[in-house]
Amino acid sequence: MGQCYGKVNQSKLNGEEEANTTTYVVSGDGNQIQPLTPVNYGRAKNTPARSSNPSPWPSPFPHGSASPLPSGVSPSPARTSTPRRFFRRPFPPPSPAKHIKASLIKRLGVKPKEGPIPEERGTEPEQSLDKSFGYGKNFGAKYELGKEVGRGHFGHTCSGRGKKGDIKDHPIAVKIISKAKMTTAIAIEDVRREVKLLKSLSGHKYLIKYYDACEDANNVYIVMELCDGGELLDRILARGGKYPEDDAKAIVVQILTVVSFCHLQGVVHRDLKPENFLFTSSREDSDLKLIDFGLSDFIRPDERLNYIVGSAYYVAPEVLHRSYSLEADIWSIGVITYILLCGSRPFWARTESGIFRTVLRTEPNYDDVPWPSCSSEGKDFVKRLLNKDYRKRMSAVQALTHPWLRDDSRVIPLDILIYKLVKAYLHATPLRRAALKALAKALTENELVYLRAQFMLLGPNKDGSVSLENFKTALMQNATDAMRESRVTEILHTMESLAYRKMYFEEFCAAAISIHQLEAVDAWEEIATAGFQHFETEGNRVITIEELARELNVGASAYGHLRDWVRSSDGKLSYLGFTKFLHGVTLRAAHARPR
Ligand SMILES: Nc1ncnc2c1ncn2[C@@H]1O[C@H](COP(=O)(O)OP(=O)(O)OP(=O)(O)O)[C@@H](O)[C@H]1O
Ligand SMILES: [Ca+2]
Ligand SMILES: [Ca+2]
Ligand SMILES: [Ca+2]
């Protein structure tokens, strides 16, 4: 293995234009053409190390900061935009993405060098690793292998055929993962999880179908449906990098549909990129299938993950800050959509740490060609996925109802986000609920489309109300083995108070809106102003600073801060107080009330 480059790599060479002065090398594991810069996992033999800043101009960023961020990323204040005047082509067109070094080191047990990964240097003695998976041992008897169709860091994929049973003469794809490369317990666990995830999620229209898993002394074989249409990346390259807006929409809808399914099941993919979406056939209108759950994980609705994994160009800022959830996938979809619409990457630099810095600090360029000719809805859509504050990002389901993609005939999936928001509402104070109710009365059609669709999915009772039972049933109707594994349904226990009462649509709207998301909407000022007017007539009341501090769970040191929020004329919340109260406080630790 490692010698065969295949047609996939060749086509990437043709489409690749990483940077003007870059030399290309073919990495020894044969994965793909890589530019010979520090972004590589190592250096070609006998090549002197370059400085970590290979650009011909001085870097505006300090290097090597001591922070919890990955090496080279420093948490200094935001820059307004990428320094594009330095580039002839500000952001080169898409090319194969590389996994984040830190995550590869963790998984492969060694710092990957140029060339094949040394197999003998694990972090644990090889003998102590249990490499038996309990999969069938009869791969050769059941399947026949054909030619290689693709290759990644973790395995290579061949086409093949079933030899007997239901699958006789049926085309298949087989991802072959070498046991010799599994040098750490994490790497072994990853393969186990990849198979488990694929098996439990299999069946969705836009997700690769799982057939079987086998093993022998040397390899694990994941047998799945064969996709003949190639990677989305290759199609983007074949089109010169850019998709017409309507074609881009068709792609993005499929991506969001399958990702919303994964998210409802409590699965975060963590490696969404154009290489991991395959077309079923070479037809222009062929369906897409999501593949490669190698970095994916089960996640509970309230859980935060902290491993840095993914591919540099597509990684969300909060992943680099080591506290993230499902929204990280949405960011990656934002990156993919940005590429589809303009043919360039939103965040680009020559080095991995340089990419991380742009992800954390710079706003993507929406000024250059072809952005001026892009629809305003398209631009708004991308911006609402590429928001650095994950709380402000749309969920996959919300994105499906965004004006750019809206299509009344489309079936909207259930969104786990409404469970999280309704749960928070049920635990909120009466004043907060009153403020949310007032705000909900000011929502515009854009927000209501999504809320109505979600409410209908809860199957309202004859009188138009829902209660805990409706939330339970709606979730169970969508349950797969993956949802059981990720323990998504545990969120229902925290919604118990809804068992004894009814919630009508009006209150549901108050419960299922996210202030942070609304703040990112163009119409936020108008919505907040109108919401405050409703609050004045039916919710605002006299409140002391002490009471307000208690509402916000902050201590006496915050009193000074809160004084502006209350009107001196009547002792009730001012407009400022109303919006700040809804936003919630993230005062410095010194202000936090001891619990
Ligand atoms: N079912 C399939 N049908 C056709 N080709 C496939 C299939 N599954 C995978 N491939 C090809 O093999 C390539 C590698 O597969 P996959 O992404 O699962 O491997 P990997 O080693 O986990 O990759 P990565 O380096 O991105 O982690 C894919 O990009 C694709 O080109
Ligand atoms: Ca690949
Ligand atoms: Ca892959
Ligand atoms: Ca993978």
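The model is predicted, so local features require pLDDT of at least 70 and side-chain atom pairs pLDDT 80 or more, while totals for chains, interfaces and linings use all residues. Residues are numbered from 1 along each chain as its sequence is written, chains are lettered from A and ligands numbered from 1 in the order in which they are written, and side-chain values use heavy atoms, without hydrogens or water.

Ligand 1 is surrounded by 23 residues. A residue counts here if one of its heavy atoms lies within 4 Å of the molecule. The closest are H99, H153, F154, K175 and E231. By class, the shell holds 9 nonpolar, 7 polar and 7 charged residues. Asp, Glu, Lys and Arg count as charged; Ala, Val, Leu, Ile, Met, Phe, Trp, Tyr, Cys and Pro count as nonpolar; the others, Gly among them, count as polar.

For K175, the distance is 2.7 Å. For T157, it is 3.1 Å. For N276, it is 3.4 Å. On its own, ligand 1 has 620 Å² of accessible area, of which the protein covers 95%. Areas come from the Shrake-Rupley method with a 1.4 Å probe. Strands β3 (143-151), β5 (171-178) and β7 (219-225) each give two or more residues to the shell. The largest share, 3 residues, comes from β3. Strands are DSSP runs (E, at least two residues), numbered from the N terminus.

The calcium ion (ligand 3) has N276 (OD1) and D292 (OD) as protein donors, 2.3 Å from it. Donors are N, O and S atoms within 2.8 Å of the metal (3.2 Å for Na, K and Ca); water is not among the atoms, so sites may look incomplete. N276 lies in the loop between β8 (267-268) and β9 (277-279), and D292 in the loop between β10 and β11, so the pair ties together parts 16 residues apart in sequence. N276 is buried, at a relative accessible area of 4%. D292 is buried as well, at 19%. Buried means under 20% relative accessible area, with a 1.4 Å probe and protein chains only.

D292 bridges two ions. The calcium ions ligand 4 and ligand 3 lie 4.2 Å apart, with D292 between them as the bridge. D292 OD atoms coordinate the calcium ion (ligand 4) at 2.4 Å. A separation of 4.8 Å is found between the calcium ions ligand 3 and ligand 2.

Technical notes
A polar contact is a pair of N or O atoms within 3.5 Å; within protein, one must be able to donate a hydrogen and the other to accept it, and residues adjacent in sequence count only if both atoms are side-chain atoms. Helices (H or I, at least four residues) and strands (E, at least two) are DSSP runs, numbered from the N terminus. Buried means under 20% relative accessible area, exposed over 50%, partly exposed in between (1.4 Å probe, protein chains only).
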